[in-house]
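I opened my notebook to get to know a structure I had not seen before. Here is what I looked up, in the order I went.

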Amino acid sequence: SQYFYRLGVAETWGKNPMKGLAYLEKAIKLGLSTAELFIAKGEALLELNRLEQAVANFQQALSINPDLMDGILRMGMVCEMQGQIADAQYWIERALKLNPDSAIAHQYLGIIFLRLNEKIKAEEQFAESKRLANLG
C-alpha cells in the first residue's frame with residue numbers, strides 16, 4: 001500500500017492527477033489510512049478541480065491529525081479559492097498559531113488581506129513571508 005501511495009504522489013506531482021488518484025485509491029483499498037495519504041488524494045482532486053471532494057479528503061486528514069500543517073493550509077487555500085474568505089482566514093491563522101515561521105502561511109494570509117482590501121496588512125504579510133523564506 002505504501003508503494004501505491006508513493007506512485008500516487010509521484011503521478012500527481014508529475015501533473016498526472018487522474019493516474020495519481022487511481023494509485024492513491026488503490027492504497028486506501030489496501031488498508032493505508034494516513035493523514036498524508038488523504039492530503040495527497042485531496043491534492044490530486046484539487047488538480048482535477050473537484051473542490052468539494054478535495055475538501056472532504058483534507059478534512060479526513062485533519063480528523064486523523066488535527067495539527068497537520070499541510071491539511072490546515074490546504075483548507076485555507078480551498079476556502080479562498082471558493083470565495084469563503086472568513087473561513088480561509090480562520091484556517092491560515094490557525095496554521096500560523098502552529099508555526100509562526102511558515103513563509104507560505106504568511107503568503108496566503110497576505111492574499112486573504114488583499115481579498116479583504118486590507119493592503120497594508122497584506123504588504124506586511126508578504127514582507128514577512130519574504131523574510132522567512134530568506135528572499136528579502
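I started with Glu43, which is buried, with a relative accessible area of 16%. For the cut-offs, I noted that buried means under 20% relative accessible area, exposed over 50% and partly exposed in between, with a 1.4 Å probe and protein chains only. Glu43 has its place in helix H3. What does Glu43 touch, not counting residues up to four places away in sequence? I found Thr12, Phe58 and Arg74, where contact means heavy atoms within 4.5 Å.

Before going on, I wrote down that this is a predicted model, where local features need pLDDT of at least 70 and side-chain atom pairs count only at pLDDT 80 or more, while totals for chains, interfaces and linings use all residues. Residues are numbered from 1 along each chain as its sequence is written, and side-chain values use heavy atoms, with hydrogens and water left out.

Next I looked up Trp13, which sits in helix H1. Is Trp13 buried or exposed? Trp13 is exposed, at a relative accessible area of 67%. Trp13 and Glu43 are 30 residues apart along the chain, and their C-alpha atoms are separated by 9.1 Å.

Then I turned to the core. The largest nonpolar core has 39 residues, and Tyr5, Leu46, Phe58 and Ile92 touch the most other members. Such a core is a set of buried Ala, Val, Leu, Ile, Met, Phe, Trp, Tyr and Cys residues joined through side-chain atoms within 4.5 Å. At least two residues of this core come from each of H1 (2–13), H2 (17–29), H3 (35–47), H4 (51–64), H5 (69–81), H6 (85–98) and H7 (103–115). H3 gives the largest share, eight residues. I also checked Ile92: leaving aside neighbours within four places in sequence, Ile92 is in contact with Leu73, Gly76, Ala105, Tyr108, Leu109 and Ile112.

Last came the whole protein. I counted eight helices and zero strands; these are DSSP runs, with helices being H or I of at least four residues and strands E of at least two, numbered from the N terminus. The radius of gyration is 16 Å, close to the 14 Å that the globule rule gives for 136 residues, so the protein is as compact as a globular protein of that length. That radius is taken over C-alpha atoms, and the rule is 2.2 Å times the number of residues to the power 0.38. The C-alpha atoms fill a box of roughly 50 × 30 × 25 Å along the principal axes. Buried residues make up 43% of the 136.
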